[in-house]
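Please read the following report alongside the sequence and the model.

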Amino acid sequence: MTRVLDPQRLSAGRVLAASTALLTLGAVLTGMLLTDVQHPPFQSLDEGWAGAITALRAPFWDGLNGFLNLAGYRGVLVLHGLLVVALLLRRRARTAVFAAAAGIVVLGLTQILKAAILRERPANTIVLTDTGSFPSGHVASTAAFLVVVAILLGRAWAGVLAGLGVLAMMVSRTYLSAHWLVDTVGSVCLAVPVVLLLWLSCRNICIQENGDARRLISWRARASRRRRAAVPQELES
């Protein structure tokens, strides 16, 4: 894991700018729903997207999105938990705290907003759902996990895959009529800035922790090579 992880410091200015933009958009959407949850200004957009995406339903896409329905919430939570355990086993306690906090905070805020807004889901959903459509728990949990992984890997391709993964989950939730389009947008506006701001608060500690682990592994590797090199000399003597 030491060689795999390369957590990036990320520019504080860019993190704050992106987080502010997303949180502002999320707050605007939330405010519109609180003002009129039955007929928000973007309802026609949601209904138009729902009609277009559900017109694409076919057995293959039903099966694929059924899998994403299972993987995108419980599956992602399990993976997030395994990530935390792996970090603890590899002596990344502070990084594990960051990863755990990101998942827990996003999940908690999502449930609070669901209960506070209680937006009705689309009528023709084809999967089991709970109450409250805004925001999407599947999208929020997926975004939290993938952004955490992308930050800790610190590679451009990880960020691209994270974006594609979140987009796929957004489309999937609307394909299944489990959520309106704006529900999924609101989830991204919640999850991504929460993870980024948490990382901003503990990045230095986590980066130092990973650097210390790198040096420890290097020292142990050198010590092991010296021990192996000393064995033939002892046998010769």
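Predicted model: local features only at pLDDT ≥ 70, side-chain atom pairs only at ≥ 80, totals over all residues.

Residues are numbered from 1 along each chain as its sequence is written, and side-chain values use heavy atoms, with hydrogens and water left out.

**Chain**

The secondary structure comes to 7 helices and 0 strands, where helices (H or I, at least four residues) and strands (E, at least two) are DSSP runs numbered from the N terminus. Of the 237 residues, 42% count as buried; buried means under 20% relative accessible area, exposed over 50%, and partly exposed in between, with a 1.4 Å probe and protein chains only. Among contacts (heavy atoms within 4.5 Å) between residues at least 6 apart in sequence, 81% join residues at least 24 apart. The chain exposes about 12600 Å², of which carbon and sulfur atoms supply 68%; accessible areas come from the Shrake-Rupley method with a 1.4 Å probe, and for residues only the protein chains shown count as cover.

**Helix α4**

Thr95 is found in helix α4 (residues 93-117) and is buried, with a relative accessible area of 4%. Leaving aside residues up to four places away in sequence, Thr95 touches Leu87, Leu152, Cys206 and Glu209.

**Aromatic rings**

A search of the whole structure finds 2 aromatic pairs, listed in the table. Rings of Phe, Tyr and Trp (its six-membered ring) pair if their centres lie within 6.5 Å, and planes under 30 degrees apart count as stacked, over 60 as edge-to-face and the rest as tilted.

| Pair | Centre to centre | Angle between planes | Class |
|---|---|---|---|
| Phe60 and Trp61 | 4.9 Å | 75 degrees | edge-to-face |
| Phe98 and Trp199 | 5.0 Å | 55 degrees | tilted |

Phe98 lies in helix α4 and Trp199 in helix α7 (residues 181-236), so the pair ties together parts that are 101 residues apart in sequence. Both Phe98 and Trp199 are buried. Phe60, found in helix α3 (residues 59-89), counts as exposed at 57% relative accessibility, whereas Trp61 counts as partly exposed at 42%.

Separately, the charged end of Arg57 sits over the ring of Tyr175, 5.9 Å from its centre; the criterion is NZ of Lys or CZ of Arg within 6 Å of the ring centre and within 35 degrees of the ring normal.
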